[in-house]
Amino acid sequence: MALKNRKILLGVTGSIAVHKAVDLARRLTEQGASVHVVMTDAAKKFVTPLSFEVASQNKVHSDMFADPLSHITLAADADIVVVAPASANSIGKFAGGIADDLLSTCMLSVTGKALLAPAMNWRMYENGVLQRNLQFLISRGMLQVGPERGSLACGEEAIGRMADVPEILEAIRAALSEQDFSGRKIVVTAGPTREYIDPVRFISNRSSGKMGFAIARAAMRRGATVTLVSGPAQVNPPCRVEFIAVETAAAMREAVLGKLHDCAVLIMTAAVADFSPLRREDKKVDKSDSLTLNLKKTPDILAEIGAMKQRPLLVGFSAETGADLSRAKRKRKEKGADLMVFNNVESPGSGFDVDTNEITIIEADNVTTLPLMTKDEAADALLDRVSTFIS
Ligand code: PMT
């Protein structure tokens, strides 16, 4: 979900977390969003409007009377209103319908999407009055991101820290995405597995995890409850997904089987090692001129689930060297998958490690070849196809 050309009204209230909001405005602007900032007087005690003007490349608003209609037009023009940080006072005003400054008046006129990122001391956050106000706003359709547990301004470790900027960005993207997977549980596997020879050596396959992580992120933005089961990957897990780290094919199998209950879709991008050593040595094996390894097949997770009577919609991935689809087509049938995604890892810009991919989606009676695109775009294109099977 691209933020390019999206219009965002950023409300900033008085909190030590205001400096993070400057970074949020900068990151949104960098990603092509048009950002307008409304600051309360309390916010201006922490950071000057100039910081937000530089970050958003737009004039900052705070005077309700400078433009008599701004309290209506600012909110009406925005795709989403984000209040970050949202202080206890501002949340109380929004919930009580108080309109005594530009931001609270804008919030009373919002008819579209609104996201709150609360930030305050834990005592205030846990106070029943604040909680009642917040729940009331949520019951009326407002969205919330954070707060998190961490070191607060007072030095205490507790709940109340404003969510970090990447998490707020993710919540904004999710809020602006179509929620066509809402209420669906999706399990995604990613990354390589490691099959240990001894405590320091292993057999593995190539995979950075990027393709699987992009699918998990896209599904989460589209409203799914996502579990991401991943071998050791080179990228950070997306925010707001359940992340299960595994190493071996056997551990991946156990984790996936444990998450199948109520699962609507299983998407296996993982590059599961096909073989593991017959025995894992407890101590590091001595170096010698040659080493003979006896290997056994790892459990085929996709095939095992493909053979189940009751199973989720199954999507496999097939990394191939060359443009011939026949192996991927065969794997789809043999493993009992509904869809198999063919991935020519020799095609430039495609496959392992890179941020782009060129995929072909193979179904029982349909084959769709997509052009080279970012892995985020490929993930959405795949989910578009998947959604036609489960709706
Ligand atoms: O992680 P990146 O760097 O972004 O790279 C992405 C990718 C190239 C690894 C990914 O797009 C991809 O193609 N993954 C499939 C890797 C592969 O070759 O799978 P396979 O052909 O060995 O297996 C076919 C399917 O069976 C896969 O869905 C696999 O997860 C599954 N499988 C395989 C072996 C096994 N023991 N159990 C399985 O479940």
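**View 1. The crossing of helix H1 and helix H9 is right-handed, a term used when the near helix is turned clockwise from the far one by less than a right angle, anticlockwise being left-handed.** In this predicted model, local features need pLDDT of at least 70 and side-chain atom pairs count only at pLDDT 80 or more, whereas totals for chains, interfaces and linings use all residues. Residues are numbered from 1 along each chain as its sequence is written, and side-chain values use heavy atoms, with hydrogens and water left out. The axes (lines fitted to C-alpha atoms, for helices over the stretch in contact, with angles from 0 to 180 degrees between N-to-C directions) of H1, residues 18-30, and H9, residues 165-176, come within 10 Å and cross at roughly 50°. Helices here are DSSP runs of H or I with at least four residues, and strands are runs of E with at least two, numbered from the N terminus.

**View 2. Residues of H1 meet residues of H9.** Lys20, Asp23, Leu24, Arg27 and Leu28 in H1 are in contact (heavy atoms within 4.5 Å) with Val165, Pro166, Ile168, Leu169 and Ile172 in H9. These residues divide into 7 nonpolar, no polar and 3 charged, where Ala, Val, Leu, Ile, Met, Phe, Trp, Tyr, Cys and Pro count as nonpolar, Asp, Glu, Lys and Arg as charged, and the others, Gly among them, as polar.

**View 3. An open sheet of 5 strands runs in the order E2-E1-E3-E4-E5, with parallel pairing.** Strand E2 (34-39) and strand E5 (143-144) stand at the edges, each with a single partner strand, so one side of each has no neighbour in the sheet. Two strands pair if DSSP finds at least two bridges between them; E3 (residues 80-86) and E4 (residues 113-118) pair over 5 bridges, and Val83 has Leu116 in E4 as its bridge partner.
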